[in-house]
Amino acid sequence: MSAPGIADPALLRPALEAVGLTKRFGGLVAVGGVSLTLRVGELHAVIGPNGAGKSTLTNLLSGELRPTSGELRVNGEDAMRWPAWRFARAGIGRSFQRTDVLREMTVLENVRLAAQARLTPARRLLRSAAAEGPPIAAAEVAIARVGLSAAAGRVAGTLSHGQQRQLEIAMALAAGPTVLLLDEPLAGMGPEESERLAALLRELARDHALLLIEHDMDVVFAVADCMTVMVDGQVLEHGTPAQVRGSAAVRDAYLGHAA
Ligand code: ADP
Ligand code: MG
């Protein structure tokens, strides 16, 4: 297989594309006409104050919520009516919330189960919990990728906060996604752990389309290739970090008095 060139259609085609994507909760427009494109090799940061609609957007892009209107394409295919499992099957991965980590199980078991849950039907999952198989290899690769190999045998509940977030990313990686949607993966981390995870995100963006929701502007401006700024469900600005930093609209509405 030859190395992909710049004209490779698989690279030019967005992995995930939203156009005018909207989600209403009753009378509330949580996400109102958001357009964005995620490409493999790019780290796309979404910033905005609390309540801006960032998590709702993530849930739309991962298939957990169904959009009210707009367009949503995964690898060029219309995904507006897809059930959630089709998003996972099509390579859309997201970080798990902490509650999905089984605290009494080891790192390896957690990642294996995450891989199996996505790759195999539920009945096989029940049967093969103790069996060897491809999920182990996939899990080990994912654990190594996030730098947790030395802790693979540890019980998840004993990990540091930062390691637990690494574990969540490994769980998302285990199914081999092309798109990674990470909703505040650095939340609650100290500066050192934060820096390490930021470096990991940068590394993962080389072979994934990565969407990062993050409040720490130092981190965002350091790692993002492109940014979308949301306020009240709408896109206020979109562009490179330099463009966003220079935007008067962003400064007025957000950066000047960010939480
Ligand atoms: P952010 O992640 O940017 O803080 P959210 O996407 O969580 O914002 O929320 C955007 C808006 O949508 C908020 O006003 C929130 O209260 C509302 N919202 C989010 N999820 C729901 C839901 N399931 N039902 C009703 N309103 C919701
Ligand atoms: Mg949120």
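## Overall fold

Among the contacts that this protein makes between residues at least 6 apart in sequence, 65% join residues at least 24 apart. The model is a predicted one, and its secondary structure comes to 11 helices and 10 strands. Of the 259 residues in the protein, 46% are buried, while the accessible surface comes to about 12300 Å², with 54% of that area belonging to carbon and sulfur atoms.

## Nonpolar cores

The largest nonpolar core has 48 residues, and those with the most contacts inside it are Leu-43, Val-111, Leu-167, Ile-169, Leu-210 and Met-227. Helix α7, which spans residues 161-173, gives the most to this core, contributing six residues. Domain 1 (1-91 + 179-259) and domain 2 (100-176) both give residues to this core, so the core lies between the two domains.

## The surroundings of ligand 1

Ligand 1 is surrounded by Phe-25, Leu-28, Ala-30, Pro-49, Asn-50, Gly-51, Ala-52, Gly-53, Lys-54, Ser-55 and Thr-56. Two elements, β2 (28-38) and α2 (54-61), each supply at least two residues of this shell, and the largest share, three residues, comes from α2.

Several polar atoms of the protein lie beside oxygen atoms of the ligand. A polar backbone atom of Gly-53 is 2.9 Å from an oxygen atom of ligand 1, and a polar backbone atom of Ser-55 is likewise 2.9 Å from an oxygen atom of ligand 1. For Thr-56 the side chain is involved, with one of its N or O atoms 2.6 Å from an oxygen atom of ligand 1. Taken on its own, ligand 1 has 560 Å² of accessible area, and the protein covers 57% of it.

## Helix α2

Helix α2, which supplies three residues to the ligand shell, is mostly covered, with six of its eight residues buried. These buried residues are Lys-54, Thr-56, Leu-57, Thr-58, Leu-60 and Leu-61; Lys-54 and Thr-56 are also listed among the residues that surround ligand 1. Following α2 comes Gly-63, whose phi is positive, near 85°.

## Loop residues with positive phi

Asn-75 is found in the loop between β4 (69-74) and β5 (77-78), and has a positive phi of about 50° although it is not a glycine. With a relative accessibility of 32%, Asn-75 counts as partly exposed, because that value falls between the limits of 20% for buried and 50% for exposed residues.

Asp-232 also has a positive phi in a residue other than glycine, with a value near 50°, and its place is in the loop between β9 (226-231) and β10 (234-239). The relative accessible area of Asp-232 is 60%, so this residue counts as exposed, the cut-off for that class being over 50%.

Methods
Residues numbered from 1 in each chain as written. Chains lettered and ligands numbered in written order. Predicted model: local features only at pLDDT ≥ 70, side-chain atom pairs only at ≥ 80, totals over all residues. Heavy atoms only, no water. Helix = DSSP H or I, 4+ residues; strand = E, 2+ residues; numbered from the N terminus. Buried < 20%, exposed > 50% of the residue type's maximum accessible area, 1.4 Å probe, protein only. Contact = heavy atoms within 4.5 Å. Areas by Shrake-Rupley, 256 points an atom, 1.4 Å probe, with all protein chains shown as cover. Core = buried A, V, L, I, M, F, W, Y, C linked by side-chain atoms within 4.5 Å. Domains from an automatic or database assignment. Near = heavy atom within 4 Å. Polar contact = N/O pair within 3.5 Å; in protein donor to acceptor, adjacent residues only side chain to side chain.
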